[in-house]
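Biologist: Could you walk me through this one? I'd like to start with the charged side chains and then move on to the chain contacts.

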2 protein chains.
Amino acid sequence: MNLKQLAAHLNLSQTTVSRALNGYPEVNKDTRTRVLEAAQALNYAPNARAKGLATGRAMAIGHVIPSSKQHEMVNPVFGDFVAGASEEYVKAGYDMTLSLTDDRDEEENYRRLKAKGNVDGLIVHGPKMADARIPFLIGLGLPFVVHGRASDLAQPYSWVDVNNTRAFRRATEFLIDLGHQRIGLINGLEFMDFAHRRRMGYDAALAARGLAPDPRLMASDEMTEPYGFAAASRMLALDQPPSAFLVSSLISAIGVRRAIHAAGLEMPRDVSVITHDDDLSYLRNGPDVPVFTATRSSVREAGRIAAALLLRHIAEPGRPAEQHLLEAQLILGASTGPAPLSRI
Amino acid sequence: MNLKQLAAHLNLSQTTVSRALNGYPEVNKDTRTRVLEAAQALNYAPNARAKGLATGRAMAIGHVIPSSKQHEMVNPVFGDFVAGASEEYVKAGYDMTLSLTDDRDEEENYRRLKAKGNVDGLIVHGPKMADARIPFLIGLGLPFVVHGRASDLAQPYSWVDVNNTRAFRRATEFLIDLGHQRIGLINGLEFMDFAHRRRMGYDAALAARGLAPDPRLMASDEMTEPYGFAAASRMLALDQPPSAFLVSSLISAIGVRRAIHAAGLEMPRDVSVITHDDDLSYLRNGPDVPVFTATRSSVREAGRIAAALLLRHIAEPGRPAEQHLLEAQLILGASTGPAPLSRI
DNA sequence: CGACATGTTCAAAGCGGTTTGAGGCGATTC
DNA sequence: GAATCGCCTCAAACCGCTTTGAACATGTCG
């Protein structure tokens with residue numbers, strides 16, 4: 001069923017039917033209802049390609065997810081972010097397209113996305129500290145919003161990010177307040193911007209309290225469970241082991257907990273743990289009392305905000321770039337306590 | 001840059017340029033290279049909407065993810081599945097579009113997807129035991145492949161699934177062989193087809209070995225960590241607690257492990273655990289020796305297979321429905337051991 | 001009663017590609 | 001030298017929609 005057939009069926013011109021369906025004023029009220037009913041009954045829906053071609057708008061947003069061959073991990077955060085964004089897209093009648101790109105030919109990829117014309121805007125995931133994609137995209141002229149941000153970039157661009165520095169600074173200070181002096185940092189890959197910022201927060205807190213940073217208490221890698229286990233095990237085996245851990249992901253924190261148990265220790269009696277918690281739907285940090293004390297920020301909410309921001313930019317092309325900084329909550333769970341005297 | 005401009009730039013007709021780009025034989029070799037080079041240099045890419053309109057093919061596959069408001073969980077398996085599927089799409093030049101649908105107006109949704117014409121085929125996720133979507137989609141005439149399957153459906157349709165029944169039957173038998181008599185099943189929602197089948201496997205193994213099923217040793221819910229913890233804690237508090245658990249997801253298994261520790265027990269000394277393991281990139285079950293003994297089947301691989309199957313069906317419309325049953329491997333990890341005499 | 005709004009409908013021209021059927025051109029054949 | 005044959009290239013139609021500019025009733029006013 002296409003417009004032509006629908007029009008013929010109604011003994012109307014395509015013009016009139018199109019106008020009736022799209023809410024233009026110059027259509028008789030009765031005609032409009034007649035058209036709408038027929039469209040419903042014959043379940044007609046305009047062909048998106050034809051509509052896009054005619055209007056010049058794709059009514060679709062692209063999500064670009066980096067997934068290199070080396071560490072071909074799909075960010076576990078991704079599902080929830082997309083779910084949040086999708087809520088906004090559905091409201092606005094937009095579709096969502098996904099492209100996983102190898103970071104080798106990424107520029108080429110963006111250029112194609114634009115040339116092919118099947119998206120009106122992009123959400124960029126997983127920004128690195130100095131991310132060449134961003135200046136490139138600014139030059140490309142396709143509206144985009146970054147989930148996260150890149151450091152040291154002169155030009156303004158739109159992003160939605162968590163205040164990672166502050167979150168980790170607060171968490172570190174909280175541990176210091178509890179009497180912990182040796183605090184292990186089990187971070188993500190530090191060329192990723194979020195991990196870099198968390199590291200800065202951790203460093204700043206130590207410095208502010210006059211504690212010397214110890215490289216042996218810092219790890220950085222892809223945030224898996226085995227990584228959390230391995231890094232924490234290594235640190236716990238040191239001469240002066242940490243009495244607390246600050247972890248960048250709930251999944252790694254689970255590995256840290258495993259390491260603590262494997263070392264014959266108890267959490268939080270012997271070792272405290274604070275983790276970042278993206279509030280993922282399938283990885284709830286305890287239903288009522290959180291298992292882990294955590295810096296929490298909903299990634300689903302971030303998805304909603306980023307999508308709304310992008311849609312606004314598409315609707316008002318002149319609009320200047322906008323930033324949205326979310327503050328993580330420091331929520332108290334069952335994984336932190338005073339530093340044990342024996343281990344200070 | 002569009003075809004017209006490119007053709008003008010080259011002093012050729014649109015036809016010739018189009019043919020040159022699409023590899024038709026009736027183009028002079030020199031002309032073709034000239035065209036290809038110019039396209040590259042001016043980075044021309046055909047507009048996907050126009051191309052789609054002209055050819056009648058969208059060159060895109062839709063993934064439909066159910067996400068009801070009640071249990072608005074995004075399946076954690078999703079990211080990896082999509083990554084696998086994407087590998088195939090990229091090879092074949094297809095795009096991927098995502099739609100999260102509330103299961104209320106799902107049929108309406110599929111109908112629109114077809115009418116709008118922006119996908120050539122669908123991947124259906126998360127089938128329930130009796131899933132009305134499948135007969136509906138067969139009627140709709142849009143090629144589709146189900147990730148998983150639905151029970152009790154007369155008509156043939158294409159699916160890719162793990163042999164859940166056999167996997168859980170084998171796992172249960174393995175536990176029985178180790179001397180376990182009381183085995184707790186911590187399953188997903190049993191109206192989901194995969195969970196139903198796992199339950200059948202568990203039941204069959206008990207029956208075959210003459211063990212009476214005990215409803216108190218069976219739980220079924222959304223597979224989160226806290227659920228694993230709560231269900232296992234409850235079972236461990238019984239008069240006759242289980243000496244082993246069979247768990248439907250690695251995430252829930254982590255909760256089960258926590259419950260075991262919280263009860264002052266050791267895994268596997270006091271309690272054994274086998275879990276299903278989707279081999280997710282961010283949730284590796286140990287780097288070398290697996291932490292958990294598991295029924296393992298790569299969901300990323302399933303994504304690849306499902307995508308390839310769907311593309312084949314699109315390429316050859318007459319092709320009969322095809323099924324692909326993956327066998328899960330039973331991999332031995334550090335979470336299983338003989339049943340302790342004290343607890344039999 | 002003609003002029004003029006007003007409200008409603010229409011035919012036709014794009015949007016950017018693909019594809020059909022026809023035409024131009026140099027080489028080969030009679 | 002004319003006819004024929006390939007090989008390339010072209011103009012034009014078409015895909016399904018939006019949108020412009022014009023046409024057509026109908027009613028209103030001077």
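Biologist: Is R284(B) buried, exposed or partly exposed?

Modeller: First, a caveat: this is a predicted model, where local features need pLDDT of at least 70, side-chain atom pairs count only at pLDDT 80 or more, and totals for chains, interfaces and linings use all residues. Residues are numbered from 1 along each chain as its sequence is written, chains are lettered from A and ligands numbered from 1 in the order written, and side-chain values use heavy atoms, leaving out hydrogens and water. Buried means under 20% relative accessible area, exposed over 50%, and partly exposed in between (1.4 Å probe, protein chains only). R284(B) has 34% relative accessibility, so R284(B) is partly exposed.

Biologist: Which residue does R284(B) meet in a salt bridge?

Modeller: A salt bridge here is a side-chain nitrogen of Lys or Arg within 4 Å of a carboxyl oxygen of Asp or Glu. For R284(B) the N to O distance is 2.8 Å, and the partner is D279(B).

Biologist: Why are R197(A) and D193(A) separated by about one helical turn?

Modeller: The two form a salt bridge, with the closest N and O atoms 2.6 Å apart, and both are buried. Helices are DSSP runs (H or I, at least four residues; strands are E, at least two), numbered from the N terminus. The separation is about one turn because R197(A) and D193(A) sit 4 residues apart in helix 9 (residues 193-208) of chain A.

Biologist: How many salt bridges cross the interface of chain B and chain A?

Modeller: One pair joining the two chains is D95(B) with K116(A), at 3.1 Å from N to O. Across the interface of chain B and chain A, the number is 4.

Biologist: Which helix of chain B gives the largest share of the side that touches chain A?

Modeller: Contact means heavy atoms within 4.5 Å, and it takes in 51 residues from chain A and 50 from chain B. Elements giving two or more residues to the chain B side include strand 2 (95-101) and helix 6 (106-116) of chain B. The largest share, 6 residues, comes from helix 5 of chain B.

Biologist: What area is buried between chain B and chain A?

Modeller: Buried area is the accessible area (1.4 Å probe) that two parts lose on being put together, summed over both. Carbon and sulfur atoms give 60% of it here, and the total is about 4500 Å².
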